[in-house]
Amino acid sequence: MTMKKKLPMGIEDFKRIRSEGFYYVDKTGLIRDFLENEAYVNLFTRPRRFGKTLNMSMLKYFFEIGSDSTLFDGLEISKEKELCAEYMGKFPVISVTLKGATGENFAEAKDMLRRIIGKESMRFQFLMQSDKLTEIEKNQYMALVNTNKAGVFTMPDEVLKDSLQMLSQLLQRHYDQRVVILIDEYDVPLDKAYQSGYYDVMVELIRVLFGNAFKTNNSLYFAVLTGCLRISKESIFTGLNNFNVHTVKDVQYREYFGFTDDEVQALLRDYGFMGKYNMIKEWYNGYHFGNLDIYCPWDVVSYCHALKMNPSEFPQNYWVNTSSNSIIRSFLGRANATTKNEIEQLINGKSVKKRIHQELTYRDLDSRQDHLWSILFTTGYLTQHGTQTGDLTELVIPNKEIQWIFVEQIRDWFEEKTTSNRERLENFCRAFQEKDIFAIEKGFHEYLEDMISIRDTSVRKGMKENFYHGLLLGILGNMDDWIVQSNVESGEGYSDISIQIRRKGIGIVIELKYAENGAFDEACKEAVKQINERNYEESLIKEGMTKIHKYGIACYKKRCKVITE
């Protein structure tokens, strides 16, 4: 039996993947298409975790002088003999990622930027012995790599602003060949600066750094940048000519970021997971780049890795765990009634039509609510559906994973709002203690009115029940002197919600049901019957609770009904 290749979990270095026997989905056709349509400065924008960093690593190993050409053996680009002969291994390459160029203040962020560029400059220490460089030029190089006793790079601000241009000039002098510059995650420093309150000074620094590197740099052959957002040209790319931007709306390069359906099927066949194809498509496909449907590669690889460990593993939310989802929280925090209704439509599988602004500055985000639709689109929370209608783009949630993110963030946001109105919260919870069914129904109905309902018929009944279960659990869990537990083993099963009010000796058992087509009475009776048949009160009695209240609650859309034994 042939050993299957290792899955590259979190590995974004092309050389390591190719030389250490990891599975690789061939994206080297990007090199051919790029060289056939080469521009001076190129920006690729895609959501996070769609292979941008791995592609940049691939470009580095293809173009850089001294790279191992065998890394590309058998790959698509190796068929292009003339291109490989002319371009492979022929250029000095400066390659940096600005992902770590962040800080709580501007000084910290600048230190990180010094460190990133300084470490990249250290790769070229042979410049100190180069007979092509003058002593002045060698001193310029030393200014890039000098550190203090603590190992902290000390390049002055003026050197930092000129660092990429200076390094490229020195490399051109040594090799007598113009330079390729690769900058990954170019927008991360601006994102952090916006969040932390030093946006204006960071914009100015990046504008000067990029301007020197890309606009007035005769040593540059071409540059490639990647990021999530297309930052306004007027903001940091002022005056750049021959500047090409490739976004998720463009047909060109559509297949090179993320996995196509054919690539996913090939991977699943290789690992014997074709039986999971429909589930993977439902959870991780649905992104529309250009006119092609694309899977999130991080999700597909992560789930296949989980399946290797446990073949019965259910799909998980891998993308959500890779960074903050604060953009959704920000969006919900400002949502008016119209926007909430639109979000509800999206969660329920429908679409909305919005004008998408592809060029924004971070300052624009706060200026208009409509701009947040553009951010949700460019960062991968929404995707295009169908063809463009005039200047309006039809938007949908791409798949079940992102739908789950919306639902969870909405529930968290709602629970925050709930705790802010303490009197309302305590009155609602007291109704459970006092067996006031009318007050429970009225209070829960009011909470549901504030919420976004889950009505998508494609969502399984159990998932709908889980939504209402989680919502009620979050509300009741805010009572400081109540012991509120979920899915507690008791009697012959697991009760949905179990509550101990010890100072009063009261135990509460709650079972929730989803009332299909509004059949409230039947669902409530089924819930109470389940409590009794499975003796859910048993654990509460063992804990010393002398009064047991049993509630069957049925929910449908934004309505509910409550009965007690």
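Nine of the nine residues of E13 are buried, so the strand is largely enclosed by the rest of the structure. The model is predicted: local features need pLDDT of at least 70, side-chain atom pairs count only at pLDDT 80 or more, and totals for chains, interfaces and linings use all residues. Residues are numbered from 1 along each chain as its sequence is written, and side-chain values use heavy atoms, leaving out hydrogens and water.

E13 pairs (at least two DSSP bridges between the strands) with E12 (residues 493-501), antiparallel, through five bridges. Ile510 in E13 has Ile497 opposite. Four residues separate E12 and E13 in a hairpin, and Gly505 in the turn has a positive phi of about 65°. With strand E14 (residues 547-556), E13 pairs in the parallel sense over nine bridges; there, Ile508 has His549 as its bridge partner.

Helix H19 (residues 437-450; helices are DSSP H or I runs of at least four residues) buries Ile440, Gly443, Phe444, Tyr447 and Leu448. These lie on the same side of H19 because they cover an arc of only 140° around the axis, taken from the directions from the helix axis to the C-beta atoms.

The count of disulfides (cysteine sulfur pairs within 2.5 Å) is zero. The sulfur of Cys304 is 12 Å from the closest cysteine sulfur, in Cys296, too far for a bond.

Conventions: Buried < 20%, exposed > 50% of the residue type's maximum accessible area, 1.4 Å probe, protein only.
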